[in-house]
Amino acid sequence: MRVRITFSKTGALRYIGHLDLNTIWERAARRAGLPLAYTQGFHPQPKMNFASALPLGFSSRCEVMDMRFNEDMDLISLSAQLQDAMPSGIGILNVENIDERAAPLQTQIISAEYEATLTETSDVSELKRKIDDVIASQSLPRERRGKFYDLRPLIERLELNSENKILMRLAAREGATGRPEEVLDVLGIMIEHARVERTNLIFRN
Amino acid sequence: MLKPEEIEAGLEQILLKVERPGRYVGGEINSIVKDWDKVQTKVALIFPDIYDIGVSNVGLKILYDQINQRQDALAERAYAPWPDMEAMMRGRGIPLYSLESKHALSGFDLIGFSLPYETLYTNTLNILDLAGIPVRSADRDDAHPIIIAGGHAATNPEPMYAFMDAFVIGEGEEVIDDIINVIQANKTREEKLHALARIPGVYMPKFYQVHYMDDGTISHVETLTDGIANPVVKRIVAQLPPPPTKFIVPNIEVVHNRVSVEIMRGCTRGCRFCQAGMITRPVRERSVDEIVDTAEAAINATGMEELALLSLSSSDFSYVVELVNKVSERFKGRKLTISLPSLRIESVSIDLMDKLREHYSGGFTLAPEAATERMRRIINKFIPDEEIINTTREIYRRGWTTIKLYFMIGHPSETLEDVQAIADLCKRVLSEGRKVAGMKVKLHAGVSTFVPKPQTPFQWVAVDTRENIIAKQKLLKHELNDRNIKLSWTEPEDTLLEAWLSRGDRRMAEVIYSAWKNGTKFDAWNEHRKTQAWLDAFAEHGLDPAFYTHRQRRTDEIFPWDHISAALRKNFLFQDFRQSLEGKIRVDCRLNCFACGILPTFANVRRENPGEAWKCPDVKSPSSTKQLAVSSINLPVVGD
């Protein structure tokens, strides 16, 4: 059985990276006594797929993953058992059955939306001007881990809402993923002065 | 003192700027967060190295569970922050805090450090300082927590005497409740310390004064108050209590990401270099059913993928075959890796590992320790070459491609010929393996350097010199230069530091303090090795490091740790040392009691707990008629 799980990641678990999150899910399934499916071979891996890795330090209310089990189960009790076995910080929001042959999640995701709450007060009009500059720009050459790339085409939407939160929609296709901390950096905002939450994942269709 | 909310707000500002912030946030499955305001006594348990190493420590886990089972107490955890985090915390004035409730450590009533090895000493000072607590016991007052330590390094607590209020000697399971009760029953720091000093197994340095002779050795130790023990005899539990099952499940990858079940405590082999084997006596075993049920409960409670069945010598567990059968039966078909370390070099061990094959990954580890008959007799670990060759050949034949062999250099009176024999044996193991399994076989030789530890038969001998160690390692590196042999060794500087710290007296405390002030910490980590800072600290206090390490001790010398007793008679240790010089072997003491001192010291404990879990043989000795036995009774050495 293949199930699609939507979950939130908050609190202490914000500081846990993507690889460690894999282990957290695997162990939760084992603690819950669920028949998680594993790959064949010398080093069997649990059959789990995440739509998009969430960068360390960000919370999320919209993570999506697929998990495969060796047996069919009732979705409501599956959801409850998994939630009971989870460390606090993971909240299961939705569980649904999915066609075994459906395309893998990571090939279906197009973009991701983020909301950055500023924890240090800043000059709103100055910030608005910077956002306008980014939107007006043709390209934003950036360097990350020694690689040069253009951030501009990865920014699909960028705005300051009425509560002075920065909303952004960034490309999240395989090989073309925009990172919110890069956008904040362009706006002159240090990462420790913003709380970033992923609010929505956008898929094909 | 910063409140938890203020600490959390500060953390938010820094956690994204440090490596692996998951070390510093807690929130793990099986961690216990109680209502702070509703609990009388707050205890912080600290492993003074980073989270990645400390979180899986079994000793602290036992105490964590035990304290948290009390309605009137809570236990939380803290570890040493890595230097990047420490710098950030100091920069923002964030004190070290507990992972569970984020309370500053200075707000706890009691802080307990685990000190399993000596290279954690500078970290211990650093942690107190980072917590805003005066590092010296004498500088603390009613506003500060009581600071205690336990663990194998407390076998010689003297180098840390100035910093700890008290040490727990021996096993902590019973004594921790006594300590909490005393803290609850007394108001002022002074009253608490006086009451704590009277708990059996608790050593409070401030009530003992050490007098020295002109040559720097100790003349005697004076007790400064009535009603305290001299020597302070270790505490033990008569029977091993139910082992922990709800292990903390780290949210990040750590060094030992597994559940551990202690199958047996103590060892009867009597290897003369082995401090653990001497100080953890007597041997007490758990039942097979208890072990297997515990393992299953722990796996279910954690979801972990690895199980370690721990003891000092698994092969000596009375029902090891039954244990392995039951474990492989119970976990058949489940994704689980099982490790059963410390197996003896004999074919039975391979049968055991074969049964665990489904659950086994990695190589096979054996510990011959020495490679000549003379050395093997000296250290009392006698395994003939042929047995090593036959066993390793069989391991390779059955399909394991890598074998790890542990050796030690620097044993008493060792020569270059003895070291050459280690290289020769390794090469022979490999070439015999190739005959049965082809060219793919590999060997890992782990060669550490011996440190003569307190409370062992070798406490009288000197540490090998730096020059000798270097010459021996050079020989090994030259001889074992083979791409199918991996050689690992201990840097001589690390060995000497371990020796200074484990053999030191009270004057070492000032050296430790200065070394820490000079910037030493994480001494167990290669990248933090600061030998010169240590040498400078010795010079600053006019002490010669060689006094502690390279001096053959007089047979009647009073050691800095002689007023601390692991219930081993000094005369027993000395007889064993003498037999070592004569190349005499002592057999497994389950077969023949050598009167180490355990039975007379714990005669009552044993009598109240009959049965087979405790593995000392029955002996008729004068002590069995005495009501109260003390460790200083001179018994004839049976079996001499």
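This is a predicted model: local features need pLDDT of at least 70, side-chain atom pairs count only at pLDDT 80 or more; totals for chains, interfaces and linings use all residues.
Visitor: Over how many bridges do β15 and β16 of chain B pair?
Guide: Strands (DSSP runs of E, at least two residues) and helices (H or I, at least four) are numbered from the N terminus; two strands pair if DSSP finds at least two bridges between them. β15(B) covers residues 364-369 and β16(B) residues 402-409. They pair in the parallel sense, and the number of bridges is 4.

Visitor: What is the bridge partner of B:K404 in β17(B)?
Guide: Strand β17(B) spans residues 442-449 and pairs with β16(B) in the parallel sense over 8 bridges. In β17(B), the partner of B:K404 is B:H444.

Visitor: Which residue of β18(B) is the bridge partner of B:V447?
Guide: β17(B) and β18(B) are parallel partners joined over 5 bridges. The partner of B:V447 in β18(B) is B:W489.

Visitor: By what average angle are neighbouring strands of this sheet turned against each other?
Guide: The sheet is open, with 4 strands in the order β15-β16-β17-β18 of chain B and parallel pairing. Its edge strands, each pairing on one side only, are β15 and β18 (485-489). With direction ignored, the average turn is 20°.

Visitor: Are α13(B) and α14(B) roughly parallel or oblique to each other?
Guide: Two packed helices are described by the angle between their axes and the distance between the axes. The axes (lines fitted to C-alpha atoms over the stretch in contact, with angles from 0 to 180 degrees between N-to-C directions) of α13 (385-397) and α14 (416-437) of chain B come within 8 Å and cross at roughly 40°. Under 35 degrees counts as roughly parallel, over 145 as roughly antiparallel, 65 to 115 as roughly perpendicular and the rest as oblique. α13(B) and α14(B) are therefore oblique.

Visitor: How many charged residues are in the contact of α13(B) with α14(B)?
Guide: Residues are in contact if their C-beta atoms, placed from the backbone, lie within 7 Å. From α13(B) the contact includes B:D385, B:R393 and B:R397, and from α14(B) it includes B:R428 and B:E432. Ala, Val, Leu, Ile, Met, Phe, Trp, Tyr, Cys and Pro count as nonpolar, Asp, Glu, Lys and Arg as charged, and the others, Gly among them, as polar. The contact has 7 nonpolar and 2 polar residues, and its charged residues number 5.

Visitor: Are α14(B) and α15(B) oblique or roughly parallel to each other?
Guide: The axes of α14(B) and α15 (466-479) of chain B come within 9 Å and cross at roughly 30°. The two helices are therefore roughly parallel.

Visitor: How many nonpolar residues does the contact of α14(B) with α15(B) have?
Guide: α14(B) contributes B:L416, B:V419, B:Q420, B:I422 and B:A423, and α15(B) contributes B:A471, B:K472, B:L475, B:L476 and B:E479. Of these residues, 1 is polar and 2 are charged, and the nonpolar ones number 7.

Visitor: What is the bridge partner of B:I46 in β2(B)?
Guide: An open sheet of 6 strands in chain B has the order β2-β1-β3-β4-β5-β6 and mixed pairing. Its edge strands are β2 (73-79) and β6 (202-203). Strand β1 (41-47) of chain B runs parallel to β2(B), joined by 7 bridges. The partner of B:I46 is B:A78.

Visitor: At about what angle does α3 of chain B run to β2(B)?
Guide: Helix α3 (58-69) lies across β1, β2 and β3 (110-114) of chain B. The angle to β2(B) is about 150°.

Visitor: How many residues of domain 3 of chain B are in contact with domain 2 of chain B?
Guide: The domain assignment (automatic or from a database) divides chain B into domain 1 (4-233), domain 2 (258-359) and domain 3 (564-625). The C-alpha centres of domains 2 and 3 are 25 Å apart. Domain 2 brings 11 residues to the contact, and domain 3 brings 14.

Visitor: How many residues does chain A give to the contact with chain B?
Guide: Chain B supplies 20 residues to this contact. Those residues divide into 8 nonpolar, 8 polar and 4 charged. The count from chain A is 19.

Methods. Residues are numbered from 1 along each chain as its sequence is written. Chains are lettered from A and ligands numbered from 1 in the order in which they are written. Two residues are in contact if their C-beta atoms, placed from the backbone, lie within 7 Å.
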